[in-house]
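Hello,

Here is the structure we talked about handing over. Please open it alongside this note; my findings follow below.

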Amino acid sequence: MPLTAEQLTVRYGSLTAVEDASLEIGDGEVLALLGPSGSGKSTLLRAITGLEPLTQGRVSWNGTDLAGLPVHRREFGLVFQDGQLFPHRDVAGNIAFGLRMHRVPKDEQAARVTELLELVGLKGYERRRVTELSGGEAQRVALARALAPRPRLLLLDEPLSGLDAELREQLAIDLAALLRRAGVSTLLVTHDQEEAFTLADRVAVLEGGRIRQVGPVREVWRRPVDERVARFLGVTRFVDATGENGVLRSPLGEVAAEVDGPVLLGLRPSALRVAETGVRGEVVSQVYRRDHVRLKVRVEDGSTVDAAAPVLAELAEGDSVRLRLDPDGIAVVSRPW
Ligand SMILES: Nc1ncnc2c1ncn2[C@@H]1O[C@H](COP(=O)(O)OP(=O)(O)OP(=O)(O)O)[C@@H](O)[C@H]1O
């Protein structure tokens, strides 16, 4: 594997910020570190970068230990939350920074800057002042600057979190395409599940400094290792269910899933949708979202579940509804016994 981190531990005095964390990043692969605030994501990224001393463990590239190799010689590209561009240089000057450090000839620098501006969708921005860029443009320039010296690993620490929600969503989609085009191995830190799932091939879920689960994005979304990880990934309710012949049966209905035997069925709010058929319930409350209505519905056993309805459904509190399970919103957790 190009990048291997083995059993990394980072302590700040008596606080263990990262404990026994191991991960690998393949060639051209994007791995996201996902976890709540304070779970140790940035510390782990910084430890891999070489910015944070390891209390224990080893970081290697193609089998070669990187201990003792300073950050600027690791051939890593870094982008942080607020791109940290050099305010007194124009866009081209910022992007060419790493190239100058590597003593790349001037004409080659200019060609590479043009190529990168095209890659990040800012063609013709060479002479713009960085103080006159929007937040999204500035982050694209920071990305171009990090990519310019062709790093062997790109490290992105919450690169989109300074941007407003809509721009962030669009930029995450653009960034996902861009990383695939650039084919660069990437480690991304985010606390935003959607961003992780949009951008990454695999995710590592961190909690309390420990990696709780690593796997391909769909697998982690669909098969969280336990209830805690499932809750972090948006599950708000669990029900007992039994799988047989590709169907999972639960008191809240049936859904297609390739699992056998007794499991816990985790439901995200989008897992129960208002439909013509399904379990009966009564609307307790509703909140309008951008593209759906989030409901609380009291079902027949007296408990309350989260559910989703189309914005045009025009429901009111007290209305009777039926709820159908949607396979896209479920998670399946093995029973802990
Ligand atoms: N330089 C430091 N000195 C002491 N403690 C630190 C330092 N940096 C981080 N910590 C602590 O280590 C723990 C992990 O912090 P870290 O920033 O890695 O978490 P995170 O998951 O990136 O959080 P966030 O999403 O809020 O940025 C926290 O308890 C934090 O307070």
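Start at Arg202. Leaving aside neighbours within four places in sequence, Arg202 is in contact with Glu29, Leu31, Val214, Gly215, Pro216 and Val217. Keep in mind that this is a predicted model. Arg202 sits in strand β9, residues 202-207. Buried or partly exposed, which is Arg202? It counts as partly exposed, because it has 19 C-beta neighbours inside 10 Å, and buried takes 20 or more. Val30 is 172 residues away from Arg202 along the chain. Even so, the C-alpha atoms of Arg202 and Val30 are separated by 6.7 Å.

Now the strands around that residue.

β9 pairs on to β3 in the parallel sense, over four bridges. In that pairing Ala32 stands opposite Val203 of β9. β9 also pairs with strand β10 (residues 210-216). Here the sense is antiparallel, and there are six bridges. Val205 stands opposite Gln213 in β10. β9 and β10 form a hairpin, with two residues between them. Look at Gly208 in the turn: its phi is positive, about 55°.

β3 covers residues 30-34. Five of its five residues are buried, so β3 is largely enclosed by the rest of the structure. Side chains in a regular strand alternate between the two faces of the sheet. In β3, Val30, Ala32 and Leu34 point one way. Leu31 and Leu33 point the other way. All of these are buried. Which strand joins β3 through five bridges? That is β8, residues 186-190, and the two run parallel. Leu31 stands opposite Leu187 in β8.

There is also an open sheet of four strands. Its order is β2-β1-β4-β5, with antiparallel pairing. The edge strands are β2 and β5 (64-65), and each pairs on one side only. β1 (residues 3-12) pairs with β2 in the antiparallel sense, over seven bridges. Within that pairing, Arg11 has Thr16 of β2 as its bridge partner.

β2 matters again for the next item, the ligand.

Which residues are around the ligand? They are Tyr12, Leu15, Ala17, Gly35, Ser37, Gly38, Ser39, Gly40, Lys41, Ser42, Thr43 and His191. Two elements give two or more residues to this shell: β2 (15-25) and α1 (41-49). α1 gives the most, with three residues. By class, the shell has three nonpolar, eight polar and one charged residues.

α5 runs over residues 135-147, 13 residues in total. From first C-alpha to last, α5 reaches 19 Å. That is close to the 18 Å expected at 1.5 Å a residue. How many of the residues of α5 are buried? Ten of the 13 are, so the helix is mostly covered. The buried ones are Ala138, Gln139, Arg140, Val141, Ala142, Leu143, Ala144, Arg145, Ala146 and Leu147. Note that Arg140 and Arg145 are among them.

Last, the overall picture.

The protein has 337 residues, and 38% of them count as buried. The secondary structure comes to nine helices and 20 strands. Along its principal axes, the C-alpha trace spans about 70 × 45 × 40 Å. The domain assignment gives domain 1 (3-222) and domain 2 (234-334). Their centres, taken over C-alpha atoms, are 37 Å apart. Consider contacts between residues at least 6 apart in sequence. Of these, 65% join residues at least 24 apart.

Best wishes

Terms used
Residues numbered from 1 in each chain as written. Predicted model: local features only at pLDDT ≥ 70, side-chain atom pairs only at ≥ 80, totals over all residues. Domains from an automatic or database assignment. Near = placed C-beta within 6 Å. Nonpolar A, V, L, I, M, F, W, Y, C, P; charged D, E, K, R; others polar. Expected span 1.5 Å × (residues − 1). Buried ≥ 20, exposed ≤ 12 C-beta atoms within 10 Å, placed from the backbone. Contact = placed C-beta atoms within 7 Å. Pairing = 2+ DSSP bridges.
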